[in-house]
Amino acid sequence: MKIRRRAIGFFLLMALVLGCIGCAANRGEEQGVLRYNLGPEPQTLDPALATGEPELTAILACFEGLTRLAPNGEIVPGVAKDWAISPDACTYTFYLREDAKWSNGEPVQAADFVYSWRRVLQPELASPYAYQLYVIENAAAFNSGEITDPELIGVQALDAHTLQVDLEHPTGYFLSLVAFPTYFPVHGPLVGERDGDWWLDPDTYIGNGPFVLKNWVGRQRLSFAPNDKYWDKDKVRLGGLEFVLVEDPATELALFEAGDIHLANHLPAGELRRLKEEGCLRQGGDLAVNYYYINTQAGPLADTRVRRALALAINRRDLVDFVTRGGEDIALALVPPGVEIGGVDFRREGGPYIPDNAGDEARALLAEAGYPRGEGFPLLDLLIPAGGGFSLQAEALQEMWFWELGIELAIRPLEWQTFLTSAAEGDFDLAAVGWNADYIDPNSFLEVFLSQGGNNFSLWQNEEYDGLLAAAQMEVEPARRRELYHRAEELLLGEMPLIPLYFPLRHYLQAEELQDVFLSPLGMVDFKWASLGD
Amino acid sequence: MKGRSVHFGGGGPKAARTYLFLGLFLIGLVTLLSLLWPFLSPYSPREQALDQGNLPPSLAHYWGTDALGRDLFTRVLYGARLSLGIALGVVLINLALGLPYGAVAGWYGGRVDMYMMGLVDILHGVPSLLYIIFFLVVLGPGLKGIFLTLGLAYWLDLARQVRNQVLSFREAEFVLAARALGLGPVSILWREMLPNMVDPLLVTLVFHIPQAVFLEAFLSYLGLGVTAPRASLGTLLAEGVANMRSAPRELIFPALLVFVIMLGFNFLGEGLRGGGPKAP
Amino acid sequence: MFFFPPWEWWTLSGPALGTRGMLSYLLRRGAGAVLVLWLVVTISFFLMHWLPGGPFTGEKRLPQAIERNLAERYRLGEPILRQYGAFLAHVIRGDLGPSFRYQGRSVNQLLWEAFPVSATVGILALSLALWVGIPLGIRGAVGRGSAGDVFIFFLTGLGMSLPTFVLAPLLLYIFALKLGWLPPALWGGPAHLVLPVLSLAFFPTALITRLVQGSMAAVLAADYLNLARAKGLGEKMVLYRHALPNALVPVLAYLGPLTAGILTGSFVVEGVFALPGLGEYFVNSIYNRDYGVIMGIALFYSALLVAINLAVDLALAYLDPRFTLTGRGEGG
């Protein structure tokens with residue numbers, strides 16, 4: 001009796017609470033609507049302010065730059081239907097298509113780009129990725145407040161459909177750069193009116209891309225419909241997009257396996273082997289490399305021989321076969337495969353610079369440096385970002401170095417922001433990072449180690465290296481440019497301010513019926529060409 | 001209120017002794033195993049064999065191996081040591097801080113109580129993750145940070161509980177009687193009140209142990225706790241969850257040991273309470 | 001019911017606490033609460049700003065010019081005391097300021113969206129824990145040593161041994177993937193609530209069961225119950241009307257922090273089941289150094305905690321006539 005009454009009370013309470021929140025479950029099982037997990041809640045959907053993968057993916061659905069990166073890796077026309085490059089490769093003229101429209105029907109014109117790029121560079125907007133535009137003439141100076149006249153920035157509208165861009169120096173990858181969201185146009189009059197939150201409201205979120213934002217329920221989901229004003233709308237085959245927001249990769253995998261989403265590209269490392277064995281894991285290239293910075297200013301690591309010994313003693317083959325288990329390529333250089341200059345793969349041409357698993361050579365080097373069998377070698381302090389999947393690899397290396405060289409390693413995981421601060425202050429011997437390309441060029445990886453590079457935690461400084469990269473920037477001829485970069489990379493790996501480990505891959509699962517979705521090597525996903533079968 | 005003392009336990013001092021014995025036996029067994037693992041297993045907890053990762057249990061590896069080919073049996077026993085230390089630590093912190101603090105607040109009541117409980121609320125209110133990261137920056141990894149965090153977080157509930165009970169006993173007849181006999185506050189608290197609140201107190205104490213053991217796993221994840229290759233039951237559980245579907249045993253074995261330890265502490269708690277109701 | 005209805009609050013008059021005493025006590029506690037909140041906010045504020053990093057630390061370090069622009073725009077370069085003053089001024093007006101991370105959105109708005117989610121799951125979990133835990137605990141105390149007692153003993157032992165970070169993925173795997181009975185994650189209809197509520201309720205249920213069992217066992221032996229029995233009251237009446245209120249004293253001590261914690265959500269449960277609640281949000285805001293959100297949630301949580309603790313104290317005074325809130329020689 002008593003129990004039953006209480007049971008009724010509990011269910012009444014439950015019904016009450018449930019009634020309050022209502023039955024908001026809408027599976028969005030409409031025909032042709034692709035469901036995808038974006039990850040965390042987007043911080044902003046303003047192309048000028050976005051930096052993270054979820055933001056960039058959502059923006060790529062709603063906007064389009066002068067060019068677009070196609071699934072085969074080629075750069076295809078976007079708003080620009082054609083372009084011309086001056087002989088000194090410092091001036092680009094883009095011819096915009098007349099039928100490019102905003103999602104409210106107004107035309108997209110050259111002046112929109114001028115407005116948008118100037119906006120990105122305004123110091124007051126404080127766009128974190130403004131540096132993506134620094135290759136444009138006077139852009140860096142304007143962004144840092146050295147000059148205040150926006151007219152001086154090297155971008156101008158020659159007429160409604162012709163855009164001229166002057167660069168600081170020849171930039172071989174500029175056409176892929178303008179496909180990046182920071183370069184996307186925004187609707188000037190509207191943004192000027194509601195700067196600060198125009199992207200929050202689907203009514204004011206006017207884009208020029210394949211989809212339009214229909215609905216954004218905070219921290220739950222975003223839905224998109226095809227944009228019928230898009231110039232290339234015939235190529236858009238999806239009936240819409242629905243992004244859910246799940247941060248835990250294990251949960252994302254569960255949603256995929258339960259059939260709730262069509263694509264899962266953030267997978268838990270512990271499940272990779274099983275998924276691979278089940279034959280459903282798909283892999284794609286990722287312009288990324290995992291390596292350890294070496295603090296070249298501290299203790300025995302100031303000695304190049306010691307740094308080299310550490311790098312040589314690692315069995316990278318075992319590391320990718322047994323620890324990461326994703327079938328990654330081992331890294332015996334810095335720049336990953338998949339970066340082409342003039343149609344030639346930079347990595348394939350350059351080849352490896354160090355041997356893998358060369359224990360004997362490593363021991364010899366260490367002995368030469370005064371630490372035979374690691375005697376007298378101090379405990380090394382390895383900094384890793386907490387929870388980033390670096391821990392297991394670090395433990396494997398810990399053993400490899402101990403057995404091969406007699407060197408003990410202390411692994412120090414740190415919460416991300418603390419990690420970054422400690423790394424920047426040089427408070428470490430070794431620091432683990434994964435580095436992803438910002439743009440498709442060897443420079444994106446090599447410029448990290450410039451003497452003044454903000455992310456050069458190794459504190460390694462080399463004028464010759466700086467000179468080579470500067471010369472490569474000015475070089476127009478692809479073969480010579482590759483040659484300069486190869487020389488720089490060889491120099492870098494000869495001095496070893498870093499220990500390359502492996503080139504990560506993108507692992508993902510996708511539903512059988514999903515086709516032509518493009519997982520960009522820069523991290524975002526492009527759904528323009530995707531379809532869900534028939 | 002007829003306690004059918006058929007199975008184990010029941011009321012009375014005899015049952016208490018059984019509980020106490022069971023508890024001491026289980027805790028002692030785990031402690032012994034965690035200290036004696038070098039004699040039970042030919043492996044060291046850090047020794048890897050990368051090509052023998054995630055093996056199922058066999059005669060060579062009683063509980064199989066983990067992702068790096070380390071012997072799971074050895075690692076779990078080794079990990080139990082730190083977790084037992086944490087368990088001991090949290091009990092001591094609770095008793096040393098929570099008990100006297102709550103007693104003082106409850107005894108004096110009024111303004112004293114308000115200020116003292118205010119401090120408890122403040123310590124509760126400041127987000128723990130903030131001071132955890134603070135310790136992480138100031139102290140670096142290691143046990144200091146763990147025990148400081150436990151010391152900040154794990155006596156608050158007990159203090160409030162003791163304070164509530166003391167407040168409620170303050171005017172009780174047996175206390176008034178003791179006071180009439182001229183007993184001082186300390187002896188009244190110790191001899192009269194404590195026996196009356198020991199039951200729920202022990203429950204709280206026992207429940208704090210797993211929480212602290214799991215908190216350590218979180219701290220280690222953030223970088224404040226044990227550093228690899230050392231492990232604790234908490235970190236092993238966390239690793240086990242990550243591999244739950246490919247290699248469930250890597251979750252089951254550490255979980256089993258945690259269960260045995262908790263069962264031990266539960267028995268211990270029951271035993272200390274006297275195994276049943278008693279007259280105030 | 002063990003919770004006294006609000007309309008009876010003012011009838012609270014234990015032997016040592018008249019209505020006038022009650023009012024002045026409440027006033028004093030209110031002032032104390034403001035002080036507590038101010039200290040929580042102040043400590044959190046300076047601690048948070050002391051921590052390395054900032055709201056705009058992303059995946060890589062940005063060029064210095066851009067760091068400068070960001071500091072300027074979001075007024076992070078200003079002296080810390082001025083920022084503190086500005087924050088307090090906002091708080092007093094009930095405005096928790098903007099989120100640094102989620103641009104264009106205010107902390108008030110984010111709290112308003114996230115709290116109902118956590119509170120829904122939390123209330124259900126807490127109700128479940130109380131609804132299961134209290135009768136189970138009483139049963140255990142009454143039937144010491146019976147088979148039921150042994151069962152409770154092992155069940156609660158299991159409840160203690162399985163941390164949420166193991167339990168939640170386990171439940172998800174079994175009920176959503178293996179059996180396919182329930183949706184694996186996301187916020188939606190009632191079915192989406194089952195697994196999060198169960199995961200969240202597991203530990204408190206074990207705890208409440210044991211607490212009730214422990215304190216009930218002590219109370220059951222007390223003389224006044226025999227008196228009640230002697231008066232001819234039924235055993236159920238004796239248990240629920242006379243014994244339970246006293247047995248709840250230690251449970252209530254725990255209930256304050258537990259309720260505040262559960263209502264503001266669990267990082268693990270909300271993370272695993274992808275619920276847009278406060279708990280996951282709070283932890284991420286600290287990782288992200290989203291200053292506005294950290295302060296907002298810390299303040300919100302503390303206010304909730306202080307309020308619940310006050311309510312618990314009042315409930316105790318109501319449940320236990322011997323429970324005196326005023327000090328020796330003051331008030332009353």
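Two rings of Phe, Tyr or Trp (its six-membered ring) make a pair if their centres lie within 6.5 Å. That rule is handy for the first two views of this predicted model.

**View 1. A cluster of rings in chain A.** Here ring pairs tie seven side chains into a cluster, namely Trp83(A), Tyr92(A), Phe94(A), Phe113(A), Trp117(A), Phe174(A) and Tyr183(A). Count over all chains, and the rule gives 54 aromatic pairs.

**View 2. One ring pair up close, Tyr371(A) with Phe377(A).** The ring centres of Tyr371(A) and Phe377(A) sit 4.8 Å apart and the planes are at 75°, so this pair is edge-to-face. Are these two residues buried or exposed? Tyr371(A) and Phe377(A) are both buried.

**View 3. Where chain B meets chain C.** This contact draws 75 residues from chain B and 74 residues from chain C. Put together, the two chains bury about 6,700 Å², with 70% of it on carbon and sulfur atoms.

**View 4. A salt bridge between chains B and C.** Look for Arg210(C) and Glu270(B), whose side chains form a salt bridge at 3.1 Å, N to O. Between chain B and chain C there are 2 salt bridges, along with 4 residue pairs in polar contact, both residues at pLDDT 80 or more. On the chain B side, the helices giving two or more residues include H2 (72-108), H8 (185-222) and H10 (249-273). Which of them gives the most? That's H8(B), with 14 residues. Sorted by class, this side of chain B has 41 nonpolar, 19 polar and 15 charged residues.

**View 5. Where chain C meets chain A.** Now 55 residues of chain C touch 63 residues of chain A. About 5,000 Å² gets buried between them, 62% of it on carbon and sulfur atoms. Within chain C, the residues that lose the most area to chain A are Lys60(C), Arg61(C) and Trp131(C), together 14% of what that side buries.

**View 6. Lys60(C) again, this time with its partner.** The side chain of Lys60(C) meets that of Asp438(A) in a salt bridge, 3.1 Å from N to O. How many salt bridges are there between chain C and chain A? The count is 4, and the interface also holds 18 residue pairs in polar contact, both residues at pLDDT 80 or more. Among the chain C helices giving two or more residues to this side are H2 (64-73), H4 (107-142) and H7 (191-220). H4(C) gives the most, with 9 residues. By class, this side of chain C splits into 29 nonpolar, 16 polar and 10 charged residues.

Conventions: Residues numbered from 1 in each chain as written. Chains lettered and ligands numbered in written order. Heavy atoms only, no water. Contact = heavy atoms within 4.5 Å. Buried area = accessible area lost by both parts, 1.4 Å probe. Polar contact = N/O pair within 3.5 Å; in protein donor to acceptor, adjacent residues only side chain to side chain. Helix = DSSP H or I, 4+ residues; strand = E, 2+ residues; numbered from the N terminus. Nonpolar A, V, L, I, M, F, W, Y, C, P; charged D, E, K, R; others polar. Phe/Tyr/Trp six-rings, centres within 6.5 Å; stacked < 30°, edge-to-face > 60°. Buried < 20%, exposed > 50% of the residue type's maximum accessible area, 1.4 Å probe, protein only.
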